[in-house]
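Thanks for coming. I have one structure to go through today, so please have the sequence and the model open.

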Amino acid sequence: MDQPVSTPVARRTVLTGAAVGAVALTAAACGDARQAATKPKTTETPGTALTTTDKVPVGGGVVTGDIVVTQPVAGQYKAFARTCPHAGCAVAAEGAGLACPCHGSRFDLSGEVTQGPAASNLTSVPIRVDGTDIVRA
């Protein structure tokens with residue numbers, strides 16, 4: 001009767017396999033975050049007052065829930081989902097722009113990417129000014 005022959009597995013082979021598995025899991029997790037970031041969700045429904053015009057500084061922005069409202073120039077208001085298109089982290093108003101604290105992406109007050117790793121702009125959210133209220137359109 002033939003006996004099965006076993007060959008010892010080198011320690012290096014086991015460690016290499018474990019490292020490859022860890023990298024694959026990390027890549028899969030990042031892929032899921034990027035996929036989620038492509039469909040930003042906002043909980044504010046149309047007609048919801050997000051903030052007031054006096055709270056949004058000219059050349060700056062404010063965070064309201066999962067939306068950031070900016071005023072690039074006097075009287076011009078814009079709004080974006082706070083979801084960074086790179087990995088789904090929440091961006092914040094920082095100085096004269098918007099920044100993602102997770103990986104350093106930066107956006108101007110019009111939502112356009114100015115520094116990666118994000119490769120696309122923030123998702124615009126329709127708004128309207130109603131008196132002094134900025135309302136989700």
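First, the ground rules. This is a predicted model, in which local features need pLDDT of at least 70, side-chain atom pairs count only at pLDDT 80 or more, and totals for chains, interfaces and linings use all residues. Residues are numbered from 1 along each chain as its sequence is written, and side-chain values use heavy atoms, with hydrogens and water left out.

Now the overall make-up. Reading from the N terminus, the order is α-β-β-β-β-β-β-β-β-β-β. There are 137 residues, and 31% of them count as buried. Buried here means under 20% relative accessible area, exposed means over 50%, and partly exposed is in between, with a 1.4 Å probe and protein chains only. The exposed surface comes to about 8,200 Å², of which carbon and sulfur atoms supply 57%; accessible areas come from the Shrake-Rupley method with a 1.4 Å probe, and for residues only the protein chains shown count as cover. On contacts, meaning heavy atoms within 4.5 Å: among those with a separation of 6 or more, 44% are between residues 24 or more positions apart.

Next, the sheet. In what order do the strands of the open three-stranded sheet run? The order is β2-β3-β4, and the pairing is antiparallel; two strands pair if DSSP finds at least two bridges between them. The edges are β2 (60-64) and β4, each with a single partner strand, so one side of each has no neighbour in the sheet. On average, neighbouring strands of this sheet are turned by 25 degrees against each other, direction ignored. Here axes are lines fitted to C-alpha atoms, for helices over the stretch in contact, and angles run from 0 to 180 degrees between N-to-C directions. Between β2 and β3 (residues 67-73) there are five bridges, in the antiparallel sense. Within that region, Thr64 stands opposite Ile67 in β3.

Now the loop residue. Val56 lies in the loop between β1 (49-52) and β2. Is Val56 buried or exposed? Val56 counts as buried, at 2% relative accessibility. Leaving out residues up to four places away in sequence, Val56 touches Thr51, Gly61, Val62, Val69, Thr70, Gln71, Tyr77 and Ile134.

On to the cysteines. A search of the whole structure gives one disulfide, a disulfide being a pair of cysteine sulfur atoms within 2.5 Å. Which cysteines form the disulfide? Cys89 and Cys102 do, with their sulfur atoms 2.1 Å apart. The pair joins distant parts of the chain: Cys89 is in the loop between β4 (76-81) and β5, and Cys102 is in the loop between β6 (97-99) and β7, 13 residues apart. The torsion about the S-S bond is about -105 degrees, so the disulfide is left-handed. Cys89 is buried at 17% relative accessibility, whereas Cys102 is partly exposed at 41%.

Cys84 is in no disulfide, and its nearest cysteine sulfur, that of Cys100, is 3.9 Å away. Cys100 is likewise in no disulfide, with the sulfur of Cys84 as its nearest. Cys84 is buried at 1% relative accessibility, and Cys100 is buried at 5%.

Last, the salt bridges. How many salt bridges are there? The count is two, taking a salt bridge as a side-chain nitrogen of Lys or Arg within 4 Å of a carboxyl oxygen of Asp or Glu. One of them joins Arg106 and Glu94, with 2.7 Å from N to O. This pair links distant parts of the chain, with Arg106 in β7 (residues 106-107) and Glu94 in β5 (residues 92-94), 12 residues apart. Arg106 is partly exposed at 27% relative accessible area, and Glu94 is partly exposed at 42%.

Asp130 and Arg128 form a salt bridge too, with their closest N and O atoms 3.6 Å apart. Asp130 is partly exposed at 45%, and Arg128 is partly exposed at 41%.

That is what I had; comments are welcome.

Conventions:
Helices (H or I, at least four residues) and strands (E, at least two) are DSSP runs, numbered from the N terminus.
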